[in-house]
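Hi everyone, thanks for making time this morning. Please have a look at the sequence and the structure on the screen, and then I'll walk you through them.

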Amino acid sequence: MNFTVLTMAEQIILTLAALMLFTSFLLLAQTRLLTLIHIFALQGALLFATTLVIAFTYGRHHLLISAALTLGLKVFFIPIQLQKLVTRLDIKREVEVVGNPSLIMFGAAALVLFSYYAVLPIRELSMLATRNTIAVSLAIVLLGMLLIISRRKAVVQVVGFMCMENGLMFAAVAATQGMPMVVEMGVALDVLVAAILFGIFFFQIRTEFGTLDVDKLNLLKEVD
Amino acid sequence: MNALYLTLLLPLTGAVILAFCGHMRIAGRLNLLVCIATFITSLQLAVDVFFNGSILTPLNFFYVDAFNVYLVLLNSFVGMTTAIFSSPYMAHEQSIGKVKAGGMRLYHSMYQGFLFTMLLALLTNNLGILWVAVEGATLATVLLVSLYRTPESIEAGWKYFLLCGVGIAQALFGTTLIYFAAVQIMPDNNQALMWSVLYEHASELEPTVLLLAFVFLIVGYGTKIGLVPLHNWLPDAHSEGPTPMSAILSGLLLNIALYAVVRFKMLIDPALGSNIAGHIMMGFGLLSFLVAGLLLHRQRDIKRMFSYSSIEHMGLITFAFGIGGPLATFGALLHMIVHSLTKSAIFITVGHAAQVCQTQSIDKIRGLLKTQPEIGWGLLIGTVAIAGLPPFGVFTSEFLLFSATIKSFPWLVISLLFGLSVAFAGLFRHVQPMVFGECPTGQVKVKANMWPVAVHLCIILWLGIAVPDVLAGWIDQATIMITGKGVL
């Protein structure tokens, strides 16, 4: 891979993409809730930086609004709310048991390879930068899913869900230089409402089950 | 044109007003009133489209054609009849203390919010907004599933939220890929997600990107359709939420998600020049059809049982759209109507039956014919209709689907027939003792309004005997749009 043929902006975007992927791995490895939330905020900040770089380099100024939304929602609002919640429910020190950490890491690495393999046949992706960004965003989405299925705490599942959203926004911003404004606003609105609903659910689950362990949510079965 | 905006604005205003309306009787009436008004405007919209053809608003933001207009009409019709049922039903639920006043405000407001998001998903021309609206439909209903605040309902709500949220995220990735393919050939980025524009340029889009996108789209929207193996949220959400919600979830929401998939298939087929997308749909559809039929037998909750029947029918429709010929598509479009009318009628009846017996457990519901004959008959006739027996409309559409399958994939008919008979046995095995069995003590009559059920079943009967020209014309036009050839 020859990085010197890329423009400065493309190099920055690729570096940010690599960092975002790296934070996804950090999320998977992290077992403490509070640190997990901080890493998630860091990923949001990286997404914010990517959006800014693209907005200025390609002169797509409507992306500035999208960047502001990312900053407000993913870097401040959601992490702060989650942090408050974790403190209030007094679960911030809880160390989570992850199934088998090394196995999950191997799985994650395999998912990244798979993402690159999946986007390989696309002819229009002969441009190095775009191919990488689409593969990385797909990998972030898949790693978010892995985070959801490998953990038992409802809070971590929400972080996984929002991590997937980060991957999607990254795809929209880095690969296509932003979706039309109205769509971005709609998506941001959905994320905001989802974040609020998640908060409501935490309290409902906590009241009824006395824990935020989703393993306890096993009353309903496919067949009995 | 005005009818279009009114159809969207009415439920949206309704949602806002009902959020502040705490009086139970007034709220129920107001809810119904908004639904009736929405139905009238959508009828007006349908008449417009019938006489003047497709409508495209300035800036291409909304698009109405034969394919979505009949779904809009169906949506507002079922929304209206379910609102008739909902008012006394929810009053009863409140009187036995299952819901509090705040819960009722949430319920009514979200009922309208849900109808709004579905209508928006149907009417919008922008594929991004389509995604936003379908996700919005999840968000509007997720708190309704956990409305009763029992541990089971909260579990169901959480499952619904997380599974559908994660699933639908895949669809957004697919949409982004489509946009990525579109901006390569279109100068104006703002038009690159407009369905009508994309449809004109469909054959120029990069096929490999589209195929990758379609895989994500079918997984994403397929979660919402309830396709096996992505269906786990569906029976839970249907059985634990309030019954009017089950009726519109099953009757309408599943259709909307399938509508989205078919819209994308229409873009992808010309680009790929083959029916790979169709084959993926056939695989998912057939699997859902067979698995759901088998799972029907093992259910103990009456609403869970009928939600598996919904999965089965959605599987059949997905399969039919997958085959893709004019006859199969015509049958699938017709089946969407008859399934949603029949299924919402059944859920309404089931809601009353559960109130009569004070339980949803199949083992404890007995002797409905003796206690309250109209509910017993409603359940029996509804089940006969949904099982696909003549002379009801489900028979007509299934007959068309089977004929189309015999033409294109003769050996698959065996598995279809097998699935159909398994589901038939499963339904009647449970329904027969519920309707005819000995009446246990302690059952009381409830105030049941069976008019919506009667109207739905009459329409199904009508569609079974003769499909009216107007409807057949619309479906045929939609078939021409989807497959390029009509049936009539």
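Let me begin with one term: two residues are in contact if their C-beta atoms, placed from the backbone, lie within 7 Å. Please also keep in mind that this is a predicted model.

With that term in hand, let's take chain A. Among its contacts between residues at least 6 apart in sequence, 72% join residues at least 24 apart. Chain A has 7 helices and 0 strands, so if you read along the sequence the pattern is simply α-α-α-α-α-α-α. Its C-alpha trace spans about 55 × 35 × 35 Å along the principal axes. For 224 residues, a compact globule would have a radius of gyration near 17 Å, and the 18 Å of chain A agrees with that. Buried residues make up 46% of the 224 residues in chain A.

Now let's zoom in on one helix pair. Two packed helices are described by the angle between their axes and the distance between the axes. In chain A, the axes of helix 2 (residues 33-57) and helix 6 (residues 154-176) come within 10 Å and cross at roughly 10 degrees. Angles under 35 degrees count as roughly parallel, and therefore helix 2 of chain A is roughly parallel to helix 6 of chain A. Which residues meet there? On the side of helix 2 of chain A they include Leu36(A), Phe40(A), Leu47(A) and Ile54(A), and on the side of helix 6 of chain A they include Val159(A), Met162(A), Phe170(A) and Val173(A). By class, this contact has 15 nonpolar residues, 5 polar and no charged ones.

On to chain B. It has 19 helices and 2 strands. Its radius of gyration is 21 Å, close to the 23 Å that the globule rule gives for 488 residues, so chain B is as compact as a globular protein of that length. The C-alpha trace of chain B spans about 70 × 55 × 40 Å along its principal axes. Of its 488 residues, 62% count as buried. Among contacts in chain B between residues at least 6 apart in sequence, 81% join residues at least 24 apart.

Helix 13 of chain B deserves a stop. This helix, residues 326-357, has 32 residues and reaches 46 Å from its first C-alpha to its last, close to the 46 Å expected at 1.5 Å a residue. Is helix 13 of chain B largely enclosed or largely open? It is largely enclosed by the rest of the structure, because 31 of its 32 residues are buried.

Leu4(B) has 23 C-beta neighbours inside 10 Å, and 20 or more is the cut-off, so it counts as buried. Leaving out residues up to four places away in sequence, Leu4(B) touches Leu45(B), Ile55(B), Phe62(B), Val64(B) and Leu123(B).

Finally, how do the two chains meet? The contact takes 41 residues from chain B and 39 from chain A. Helix 6 of chain B gives the most to the side of chain B that touches chain A, with 19 residues. That side of chain B divides into 22 nonpolar, 11 polar and 8 charged residues.

Terms used:
Residues are numbered from 1 along each chain as its sequence is written. Chains are lettered from A and ligands numbered from 1 in the order in which they are written. This is a predicted model: local features need pLDDT of at least 70, side-chain atom pairs count only at pLDDT 80 or more; totals for chains, interfaces and linings use all residues. Helices (H or I, at least four residues) and strands (E, at least two) are DSSP runs, numbered from the N terminus. The expected span of a helix is 1.5 Å times one less than its number of residues. A residue is buried if 20 or more other C-beta atoms lie within 10 Å of its own, exposed if 12 or fewer, and partly exposed in between; C-beta atoms are placed from the backbone. The radius of gyration is taken over C-alpha atoms; the globule rule is 2.2 Å times the number of residues to the power 0.38. Ala, Val, Leu, Ile, Met, Phe, Trp, Tyr, Cys and Pro count as nonpolar, Asp, Glu, Lys and Arg as charged, and the others, Gly among them, as polar. Axes are lines fitted to C-alpha atoms, for helices over the stretch in contact, and angles run from 0 to 180 degrees between N-to-C directions. Angles under 35 degrees count as roughly parallel, over 145 as roughly antiparallel, 65 to 115 as roughly perpendicular and the rest as oblique.
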